[in-house]
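This report describes one protein chain for a reader who is new to structural analysis. Please look over the sequence and the model before reading on.

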Amino acid sequence: PILIVLFTFLASTIYCFTQYIKAGKNLKLIIQYMEGFKKNDLNFRFKEIDSWMLQNPYVAAIWTEFKNTLVFSESIALKSGNDDMKYKDVSSTVQNVQTTSDPLYFFNEDTLVTSKFNYKMIQTIPTVLTGFGPLFTFLNIAIAFGRIDFSTQEKTIASVSGFMVNMQTAALVSVVAVGSSLIYLLIERIMYNKLCKTPLIKIQEIMGGLFASISAE
């Protein structure tokens, strides 16, 4: 039982760490790319952002939905005498790309982090580890009682000795299960905040700074 608890703890920790590392790398790629843009030059460089986002499978679907909420500064095409096309802004007050929805609605914890892997299973592991405690404890106790033999004095002494060993193992299982659950919770929260939460907040700040929110009307 102790080996089962320890194996579950180690396997779950490794899975959690690999998934958070993978998500963190993708979030950092988005940050590195978007940091090169400024709010005032989005009108001219929007095609660059659009192409990169659509080619990135991690964020392509989210970007497609977000792009539908964008409003660009309107311009008209003027044809000069030598057939050159020139564009003139209709309104001088709108020089950037705006959105009719809050960017945080699209770029949030659910869309960029928890939906990319089995986050519910990661959150369930502490409960599973804790549940192993009473499960294996009472199982060991039941087995211990079943092995007591009162047929002879010698067998009684030997079986009681074995009973005490099984009871010690049963108690140790609960300690290991609860302890591994607490350690897993601590490791998981630290890794999540460092690898996922911190870059996510940075992305939200970048997107909020680049795209000004306006009313749908």
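Glu109 is partly exposed, with a relative accessible area of 29%. In this predicted model, the side chain of Glu109 meets that of Lys197 in a salt bridge, with 3.2 Å from N to O. Glu109 belongs to helix α4 (residues 109-112) and Lys197 to helix α6, so the pair ties together parts of the chain that are 88 residues apart in sequence. Lys197 is also partly exposed, and its relative accessible area is 29%.

The structure holds 5 salt bridges. Another of them joins the side chains of Glu35 and Lys202, at 3.9 Å from N to O. Glu35 lies in the loop between α1 (2-34) and α2 (42-55), whereas Lys202 lies in helix α6; the pair therefore connects parts that are 167 residues apart in sequence. Glu35 has a relative accessible area of 47% and is partly exposed. Lys202, at 35% relative accessibility, is likewise counted as partly exposed.

A further salt bridge links Glu48 with Arg45, and the closest N and O atoms are 3.2 Å apart. Both residues lie in helix α2, 3 residues apart, which is about one turn of the helix. Glu48 is partly exposed at a relative accessible area of 38%, and Arg45 is partly exposed at 26% relative accessibility.

| Salt bridge | Distance between N and O |
|---|---|
| Glu109 and Lys197 | 3.2 Å |
| Glu35 and Lys202 | 3.9 Å |
| Glu48 and Arg45 | 3.2 Å |

Helix α6 spans residues 153-210 and includes Leu182. Is Leu182 buried or exposed? Its relative accessibility is 55%, and because a value over 50% counts as exposed, Leu182 is classed as exposed. Together with Val178 and Leu185, Leu182 makes a nonpolar surface patch of about 260 Å².

Glu188 lies in helix α6 too, but Glu188 is buried, with a relative accessible area of 2%. The cut-off for a buried residue is under 20%, so the value for Glu188 falls within that class. Which residues are in contact with Glu188, apart from its neighbours within four places in sequence? They are Cys16, Tyr20, Tyr119, Ile122 and Gln123. With Gln123, the side chain of Glu188 also makes a polar contact of 3.2 Å.

Strands of a sheet pair through backbone hydrogen bonds, in either a parallel or an antiparallel manner. Here, 3 strands form an open sheet with mixed pairing, in the order β1-β4-β5. Its edge strands, β1 (70-71) and β5 (212-213), each pair on one side only. Strand β4 (residues 98-99) is joined to β1 by 2 bridges, and these two strands run antiparallel. Across this pairing, Val71 stands opposite Gln98 in β4.

The chain as a whole has 6 helices and 5 strands. Along the sequence they follow the pattern α-α-α-β-β-β-β-α-α-α-β. The chain has 217 residues, of which 37% count as buried. Among contacts between residues at least 6 apart in sequence, 76% join residues at least 24 apart.

Methods:
Residues numbered from 1 in each chain as written. Predicted model: local features only at pLDDT ≥ 70, side-chain atom pairs only at ≥ 80, totals over all residues. Heavy atoms only, no water. Patch = residues over 30% accessible without salt bridge, like charges linked within 9 Å, V, L, I, M, F, W, Y side chains within 5 Å. Areas by Shrake-Rupley, 256 points an atom, 1.4 Å probe, with all protein chains shown as cover. Salt bridge = Lys/Arg side-chain N within 4 Å of Asp/Glu carboxyl O. Helix = DSSP H or I, 4+ residues; strand = E, 2+ residues; numbered from the N terminus. Buried < 20%, exposed > 50% of the residue type's maximum accessible area, 1.4 Å probe, protein only. Polar contact = N/O pair within 3.5 Å; in protein donor to acceptor, adjacent residues only side chain to side chain. Contact = heavy atoms within 4.5 Å. Pairing = 2+ DSSP bridges.
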